[in-house]
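Hi,

Here's the structure I said I'd pass along. Have a look at it first, and my notes on what turned up follow below.

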Amino acid sequence: MKRRVFSGIQPSEVIHIGNYIGAVKRWVALQDDPAKDNIYCVVDLHALTVKQDPEVLRERTLELLALFLAVGLDPAKSTLFVQSHVSANAEGAWLLNCVTPESWLKKMTQYKDKSAKQAERGREGTVLTGLLDYPVLMAADILFYDTHEVPVGEDQKQHVELARNIAERFNYHYGETFIVPEPVIAKAGARIMGLDDPTVKMSKSMAHVQGHAIRLLDEPKQIERAIMRSKTDSGSEIRFSADPAKAGVNNLLTIYQVLTGKTRDEVEQDFASARGYGDLKKRVAEVVIAEAEPVRKRFAEIATDRGELERIMRIGADKARAISEPRLADVKRKMGLLLPM
Ligand code: AMP
Ligand code: TRP
């Protein structure tokens with residue numbers, strides 16, 4: 001039997017090189033593994049956990065689907081769908097809410113960080129129930145699709161572990177039902193850091209800050225500028241290092257490593273005769289642009305074909321329903337709901 005792979009990404013902001021390296025690029029590679037059955041989701045319901053402009057959210061949802069296609073996700077190989085198009089995900093989240101202790105949710109690092117940041121903004125920063133419940137919706141995404149593997153970046157590991165706990169708890173109370181999923185985190189590139197501050201994770205919410213992120217759809221000039229200005233240190237040694245002072249160089253080397261597919265030794269060899277960080281930055285910029293430029297060009301073609309995007313969304317949602325609805329009915333029955341005749 002094939003192993004089911006499920007992952008998702010929010011249509012908030014345009015995706016950056018951290019999302020690409022930590023998640024999306026790996027999804028593209030998984031498509032060609034005959035042992036996997038892949039599902040990738042634009043999680044628009046998750047985006048609603050913080051304030052959104054309705055028109056912008058709709059645009060971003062279509063854009064993200066177009067970007068999926070532009071990076072090489074293929075609806076003939078993977079199931080690609082929009083989360084809100086399949087009601088099983090939100091319905092499943094409600095059912096899982098009723099087996100999930102609230103104390104588990106209050107302990108989530110992302111919730112603690114995001115809610116604290118929002119609270120700082122005073123009245124505008126009301127923390128919504130959806131933000132607390134976000135990991136349960138994510139658990140529903142994973143569990144109702146009988147998922148074995150969840151390829152995500154480091155920051156989502158805790159949420160996948162929560163999904164495991166929910167699955168185990170459900171199975172204990174109602175009998176063997178859910179597959180207990182595993183997070184699959186890459187060895188290199190699971191946590192790409194900000195270019196302006198290599199001590200913090202590159203994040204979408206900061207993507208608008210000049211010099212913080214490389215967005216996948218940035219023009220070559222913008223990419224080059226962001227990398228050339230990225231924060232390094234006053235030294236000149238180009239090697240991988242866990243030393244916090246060398247985090248900037250380490251981050252650039254990691255980006256280079258993942259995009260070239262080389263080993264750490266090979267990467268360090270490549271820079272053995274470099275004359276300082278200027279050379280390093282130039283090479284990294286070239287490699288990033290070589291990866292991003294074809295994506296930007298394909299995106300420009302695909303994004304304008306609204307009819308084709310709609311067709312792909314419809315097919316994806318049908319496939320997704322066929323997988324999740326039987327599991328949803330099974331869970332409802334086990335929990336004591338009367339199924340409609
Ligand atoms: P999000 O931006 O929260 O929708 O994240 C989408 C995917 O990108 C998830 O799998 C994240 O774990 C991953 N991701 C987000 N930021 C980074 C980062 N800085 N480095 C590596 N992976 C990331
Ligand atoms: N919460 C994830 C993030 O922001 C996105 C996500 C939603 C997801 N549902 C998922 C990832 C299911 C993996 C599996 O990155």
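Before the notes on the ligand: I count a residue as being around it if one of the residue's heavy atoms lies within 4 Å of it. Also keep in mind that this is a predicted model.

On that basis, ligand 1 has 18 residues surrounding it, and the closest are G153, D155, I192, M202 and K204. Sorted by class, that shell comes to 8 polar, 6 nonpolar and 4 charged residues. Which element gives the most to the shell? That's helix 1 (residues 17-30), which puts in 4 residues.

As for cover, on its own ligand 1 has 490 Å² of accessible area, and the protein covers 93% of that.

Away from the ligand, I also looked at a pair of strands. Strand 2 (residues 36-42) runs parallel to strand 3, and the two pair over 4 bridges. Y40 is the residue opposite L80 of strand 3. In a regular strand, side chains alternate between the two faces of the sheet. Are the two faces of strand 3 (residues 79-82) covered or open? Both are covered: T79 and F81 are buried on one side, and L80 and V82 are buried on the other.

Cheers

Note on methods
Residues numbered from 1 in each chain as written. Chains lettered and ligands numbered in written order. Predicted model: local features only at pLDDT ≥ 70, side-chain atom pairs only at ≥ 80, totals over all residues. Heavy atoms only, no water. Areas by Shrake-Rupley, 256 points an atom, 1.4 Å probe, with all protein chains shown as cover. Nonpolar A, V, L, I, M, F, W, Y, C, P; charged D, E, K, R; others polar. Buried < 20%, exposed > 50% of the residue type's maximum accessible area, 1.4 Å probe, protein only. Pairing = 2+ DSSP bridges.
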